[in-house]
Amino acid sequence: MIETMGNCSSGSGSLRELSSKEKTDIRESWAEFNQGNVVDNAAHLYYKLFKEHPEAKEMFKFSKDTDISDEEMLKNKQFRGHVDGVVAVIGSAVNEIDDLTEVGKDLQHLGGKHYHYGITMKQYSHVGQCLLYAIQKKLGPNFTSDRKKAWVALYAVVETAMKSGMEEASKKKSQEQTAA
């Protein structure tokens, strides 16, 4: 059985620097995750998300049909494109793990876009849990507790940056409504 964590976010609002070992664990496990068809590997994130949070399907054009199977979804060009985009974002964070400043700005921008799609803050922890599931599913016993802890720490950075972008987008929308 694949175990996921209860909460992927740091919860405290403050982030800590990743250790050298954590960075190595993330890089190595990401390289393993990318062996084979990475879109097929990462698709498990969404299979799990849609199974545990079926309401999330409504946010994606490719999954409006609530009865669509995982196999059918995997054949869908929009689904594969979205999964590929998520892999690219995670890959950027892994590649820039020594200095996440630029990636953080990109993630804030992406968070602002997701605000306009109707994504909620709580959904980020769901995605984090499902990301861990997908990695653990691919790596099996190679997804050690140390590697899992490292990914939790990295995802906390990703989640915090994207939530910051959502908050900025929300403030901007409120200001525009007030000015109108």
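**Core and helix packing**

Modeller: This is a predicted model. In it, Trp151 touches Ile26, Ser29, Trp30, Ile90, Val94, Leu131, Leu132, Ile135 and Phe143, leaving aside residues up to four places away in sequence.

Colleague: Which element gives the most residues to the largest nonpolar core?

Modeller: The core has 47 residues, and Trp151 is among those that touch the most other members, along with Ile26, Phe33, Tyr46, Phe50, Phe79 and Leu154. Helices H1 (20-33), H2 (38-52), H4 (77-95), H5 (101-117), H6 and H7 each give two or more residues. With 10 residues, the element that gives the most is H7.

Colleague: Is H6 roughly parallel or roughly antiparallel to H7?

Modeller: The axes of H6 (residues 121-139) and H7 (residues 145-179) come within 10 Å and cross at roughly 150°. Angles over 145 degrees count as roughly antiparallel, so H6 is, relative to H7, roughly antiparallel.

Colleague: How many residues of the contact of H6 with H7 are charged?

Modeller: On the H6 side the contact includes Leu131, Leu132 and Ile135, and on the H7 side it includes Arg147, Lys148, Trp151 and Glu159. The residues divide into 12 nonpolar and 2 polar, and the number of charged ones is 5.

Colleague: Is Arg147 buried or exposed?

Modeller: Arg147 lies in helix H7 and touches Asp25, Glu28, Ser29, Glu32, Leu139 and Asn142, not counting residues up to four places away in sequence. Its relative accessible area is 8%. Buried means under 20%, so Arg147 is buried.

Notes:
Residues are numbered from 1 along each chain as its sequence is written. This is a predicted model: local features need pLDDT of at least 70, side-chain atom pairs count only at pLDDT 80 or more; totals for chains, interfaces and linings use all residues. Side-chain values use heavy atoms; hydrogens and water are left out. Axes are lines fitted to C-alpha atoms, for helices over the stretch in contact, and angles run from 0 to 180 degrees between N-to-C directions. Helices (H or I, at least four residues) and strands (E, at least two) are DSSP runs, numbered from the N terminus. Angles under 35 degrees count as roughly parallel, over 145 as roughly antiparallel, 65 to 115 as roughly perpendicular and the rest as oblique. Contact means heavy atoms within 4.5 Å. Ala, Val, Leu, Ile, Met, Phe, Trp, Tyr, Cys and Pro count as nonpolar, Asp, Glu, Lys and Arg as charged, and the others, Gly among them, as polar. Buried means under 20% relative accessible area, exposed over 50%, partly exposed in between (1.4 Å probe, protein chains only). A nonpolar core is a set of buried Ala, Val, Leu, Ile, Met, Phe, Trp, Tyr and Cys residues joined through side-chain atoms within 4.5 Å.
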